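Hello,

Here is the structure I said I would pass on. My notes follow below it.

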Amino acid sequence: MLIEKGKISRIKNINWDVEIPFGKYYTDHMLFCEYRNDLWKEPQIQTFGNFIFFPNTLVFHYGQAIFEGMKAFKDRKNNMFLFRPLEHFKRFNISAKRLAMPVIPKKIFVEGLINLLKLDTKWIVPKYGYSLYIRPFMIATDGTLTAKPSLNYLFFIFCTSVNKYYSRPLKVKIELKYSRSYNGGIGFIKAAGNYAASFFPTKKAQLEGFDQILWTDSATHSIIEESGTMNVFFYIQNTLITAPADEKILNGISRRSIIEFSKKNNINVIEKYLTIDELKYYLKKKEVAEIFGTGTAVVINHFEKINLKNKNYLLPILKKEERISYFLKKNLLDIQYNLNKDPYHWRFPIQ
Ligand SMILES: *Cc1c(COP(=O)(O)O)cnc(C)c1O
């Protein structure tokens with residue numbers, strides 16, 4: 001691996017004590033690797049900076065682009081950990097295959113990332129609430145206007161420092177017209193295009209005063225899938241319910257961690273689709289104790305309001321100690337920050 005260490009760090013003058021907007025501070029270096037003539041070349045680490053592409057670069061026109069979002073943490077003794085990096089690596093290659101892109105070797109993705117983290121280690125504050133958000137991505141780089149899979153690709157990893165951002169309870173609208181996913185589609189992968197397609201309906205919901213959308217199935221708009229870019233859990237009659245990880249659902253690693261943790265800790269959890277009618281029935285009976293979304297960036301964010309066909313349903317206001325979502329979040333964070341034992345082997349130490 002070629003490592004070209006930058007001469008000056010941009011880390012100076014950052015005030016770590018205030019809330020850092022997501023994606024404000026990028027670390028000093030990034031990794032990139034070229035795919036050419038059916039081969040991945042030697043990965044390179046360089047100063048974080050610009051790349052130049054011709055206007056006919058395939059990704060700009062046909063959207064052949066995938067990404068991942070993962071995190072690294074430090075405990076108080078400055079030990080560094082990734083959270084389930086091999087799961088992110090596997091999912092990245094699932095995404096690659098679906099978009100007819102080459103799969104990336106573990107050596108480039110995982111070892112490359114470890115080298116990058118070691119070089120930029122000081123960008124992770126060894127304190128609870130602070131972490132490094134890591135963004136691996138791959139783009140098609142052929143210069144062509146022909147709509148076919150690219151022959152050339154670039155893989156990148158760059159990182160941004162994050163701290164605990166205040167996540168307020170969400171107001172969520174059940175979306176009955178637009179969908180993010182459909183049978184045979186690409187809902188289960190982290191494709192850039194999935195996000196582009198979600199912007200318009202999400203913006204519309206935000207103009208109506210909501211934070212997020214609760215997506216429903218494209219065929220009937222009667223089955224609940226996910227919320228925004230988070231998997232969603234319902235806590236009804238002491239049971240957690242979340243959609244099954246089929247081809248329409250992004251199989252979140254936070255989602256899977258919560259399911260696994262719950263099963264080990266005697267919390268009932270089932271993977272099944274909840275219909276709007278069922279949700280309405282339980283909301284009316286006041287049996288929906290909590291609804292929350294899960295994802296790497298927020299970990300867990302609970303909902304305060306659900307809107308269905310212009311009718312608002314308020315969820316119970318609970319103290320945080322009473323919320324199962326808080327209990328799960330705390331336990332997940334404690335594992336991530338090495339404050340608790342990790343029987344699941346989710347922590348991946350970086351020495
Ligand atoms: C990334 C993502 C999630 C959450 O996945 P995590 O692995 O938990 O971060 C959920 N839904 C969608 C649509 C996503 O893109």
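Buried here means under 20% relative accessible area, exposed means over 50%, and partly exposed lies in between (1.4 Å probe, protein chains only). This is a predicted model, in which local features need pLDDT of at least 70 and side-chain atom pairs count only at pLDDT 80 or more, while totals for chains, interfaces and linings use all residues. Residues are numbered from 1 along each chain as its sequence is written, and side-chain values use heavy atoms, with hydrogens and water left out.

Cysteines. A disulfide is a pair of cysteine sulfur atoms within 2.5 Å, and the count by this rule is 0. C33 is in no disulfide, as the nearest cysteine sulfur, in C159, is 16 Å away. C33 is buried, at a relative accessible area of 0%, and C159 is also buried, at 1%.

Strand β9. Helices (H or I, at least four residues) and strands (E, at least two) are DSSP runs, numbered from the N terminus. In β9 (residues 153–162), 10 of the 10 residues are buried, so the strand is largely enclosed by the rest of the structure. One side carries Y153, F155, I157, C159 and S161, and the other L154, F156, F158, T160 and V162.

Strands pair if DSSP finds at least two bridges between them. β9 pairs in the antiparallel sense with β2 (residues 29–36) over 5 bridges, and C33 stands opposite F155. With β8 (residues 131–140), β9 pairs in the antiparallel sense over 10 bridges; there, I139 has L154 as its bridge partner.

Regards
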